[in-house]
Amino acid sequence: MIRCPQIHSQFPFLNALLQLSYHRHSFFSTSNLKYSDDNWAIGKELNEVKSSNRMITDYIRTGDLNSAYNVFQNMSIRTTITWNSMLTGYSKTPGRFEDARQLFDKMPQPDIVSYNTMLNCYIRNRGIKAAWAFFNQMLVRDTASWNTMLSGLCQNGMMDQAYQLFDEMPEKNNVSWNVMISGYAARGDLILAEKLFGNAPVKCVVAWTAMVTGYMKARKVDLAEKLFDEMPERNLVTWNTMVSGYVENGRADDGLKLFRTMVETGVKPNSSTISSVLLGCSNLSLLKLGKQVHQFINKSPLSSHTMVNTSLISMYCKCGDLETACKLFHGTLRKDIVTWNAMISGYAQHGEGDKALLLFDTMKKEGIKPDWITFIGVLSACNHAGLVTRGIQYFDSMQRDYNIQPKPDHFTCMVDLLGRAGKLVEALNLIKSMPFKPHPAIFGTLLGACRVHKNLELAEYAARNLLECDPSSTVGYVQLANVYAAMRKWDRVSTVRRSMKDNKVVKFPGYSWIEIKNSVHEFRSGDRVHPELVLIHEKLNQLEEKMRVAGYIPVLEFALHDVGDEQKEKLLLWHSEKLAIAYGLIKMAEGVPIRVFKNLRACGDCHEATKFISAIEKREIIVRDNSRFHHFKDGRCSCGDYW
């Protein structure tokens, strides 16, 4: 560093004065200084330092560390504030730890800000152990130092060490209590979080919100609601925590209601709020409400936010409006990897495998590096389009070219890809080669493929392994019973159902729903409660006559009961998706696409019948089951009967 010993020896107060003047207007004015040559020199030096400090700060804000360092190097006098500004720039920039450490070691007079900045740098770049060693070597500490170390321990899940440090703190403030409460709540240790919350001398909004977050993560929604209602003060984070908590806990309708209350209260949502709300619309398949939220976004600054546009793309894809999703994607100027992933997955969900893979190639050409989520979309696209060879190539490329190790979801996609194509032995071999223990979904996927291809021996193997992984799995029992039913082995169906009863496993009922005029109408097979059921049955009877004339033959293997053929046909006619489609035909204007959503895989007979209905009624019918979309139009389905 270039030093000016003459100035420092003549004016020892200069360094302190320069630091103070960095935050306030100069004390040198015509009211308190005489105009001597020495005073004029001091004023000039002071202005130069202030100007240089501002330049360094401005460069650091824009991420131009090289220019900031050039200014720093050319300064004849540097204050501690100068050093701290440069240190902050290095500490916040990934990969610049060594520069930060070297700069810190050269500092002539590091203060508490210098030490705390360096401590933060250690936590971010060198891990908690190195930070702990530095903390113990610090010559000066204040409450912020302790809180920084406390926060680092909590973020790394080291709550025992954090509690010990918290106990040793010479002085605690609100931040100290908030960090500990948040740490225990995030870890799911609500007993200790509640204890600290109760003992906190002052409970600010951060502590309240941390508890609400903890309850939501622990699926204790009622306790979160109670605390939210009792809060003396709420901020945007609090509202977001409640909205997202409702959505994540399967209560999206409550989340959307709370969002309305939030807006009516005058709280302005941010990108996180909107993302949670749009996810709620997706989960409930509320396209109209999603469009209303889109209109709300267009009237706000959020319309240019990448995260918000990505959430909109995902919502439109999941609600069956792929065309609008595409327009939004191409109209989004700033796309990140999440945006690309959303559109690739959207194409895959809708069976547009070629478009998904073309978009993947475009993404790579634009220099966007795919991540593990990208390959979930790519493998799903191959799966739904039956592109087995290409799927295997992408699976190999993921590891070879991008060093992405396959996760359970990737293996599930591959097992599904091979299973759908009838390559059941290859699928089984892949499961056996997995580097980790197969999770239940793997065997559930294999079991579903066995049902399609009527492989009884492998189905029993898959079901046995599935139930070993998860004895309470409804899927294992139901899918196995369906395999037996498809092969007319009714005695074994009875055995499986009896076993379910003995093990107190309750089958989750299949149902379909449709949104009409902002109201959601839900149907179950053989529905007896809908108020307009008579009209629906009349419509279905009319459709059945027309379908039979057109060549429709009921696929009786999907009537999973040991009854006569005539009764089976009636049961098939009253399947939930047919009831929903009929109601849509009655209530929705001609030409308007009908969108039906189903919580289980589409029934083979319903799939066949819907093709006939789309041609007879000259109506596009979009059905989303639990794995993909089917677009029916003019007697054909977008899946090409491969699903």
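A search of the whole structure, which is a predicted model, finds 25 aromatic pairs. Rings of Phe, Tyr and Trp (its six-membered ring) are paired here if their centres lie within 6.5 Å, with planes under 30 degrees apart counted as stacked, over 60 as edge-to-face and the rest as tilted. One of the pairs joins F259 and F296 in an edge-to-face arrangement, at 6.3 Å centre to centre and 85° between the planes. Because F259 belongs to helix α16 (residues 252-265) and F296 to helix α18 (residues 287-298), this pair ties together parts that are 37 residues apart in sequence. Helices (H or I, at least four residues) and strands (E, at least two) are DSSP runs, numbered from the N terminus. F259 counts as buried at 10% relative accessibility, while F296, at 32%, counts as partly exposed; buried means under 20% relative accessible area, exposed over 50% and partly exposed in between (1.4 Å probe, protein chains only).

F443 and Y461 also form an edge-to-face pair, at 6.4 Å centre to centre and 75° between the planes. Here the link runs between F443 in helix α27 (residues 440-453) and Y461 in helix α28 (residues 456-469), 18 residues apart. F443 is buried, at 4% relative accessibility, and Y461 is partly exposed, with a relative accessible area of 23%. Elsewhere, F97, F104, Y115, Y122 and F134 form one aromatic cluster.

Attention now turns to the nonpolar cores. A nonpolar core is a set of buried Ala, Val, Leu, Ile, Met, Phe, Trp, Tyr and Cys residues joined through side-chain atoms within 4.5 Å. The largest one holds 150 residues, of which M118, M180, M343 and L446 touch the most other members. Helix α13 (residues 205-217) provides the largest share of this core, eight residues. M180 touches L150, C154, M159, A162, Y163, F166 and L196, leaving aside residues up to four places away in sequence; contact means heavy atoms within 4.5 Å. Another core lies apart from the largest one and has 29 residues, including L540, A580, L585 and V596.

On a 1 Å grid over the protein atoms alone, a cavity is a set of points where a 1.4 Å probe fits but cannot get out, a pocket is an open set with protein on both sides within 12 Å along at least five of seven lines, and lining residues have an atom within 4 Å of a point. Grid points are joined across faces, edges and corners, and a volume is the space filled by probe spheres set on the points. The second largest pocket has a volume of about 890 Å³. Its lining comprises 31 residues, with S314, K318, S345, G346 and Q349 nearest its centre. Helix α21 gives the most to this lining, with eight residues.

The structure holds one cavity of 30 Å³ or more. The largest cavity has a volume of about 40 Å³ and is lined by E577, A602, C606, H607, T610, V623, H630 and F632. Two or more of these lining residues come from each of α34 (604-616) and β5 (629-633), and α34 supplies the largest share, three residues.

Residues are numbered from 1 along each chain as its sequence is written. Local features need pLDDT of at least 70, side-chain atom pairs count only at pLDDT 80 or more, totals for chains, interfaces and linings use all residues, and side-chain values use heavy atoms, with hydrogens and water left out.
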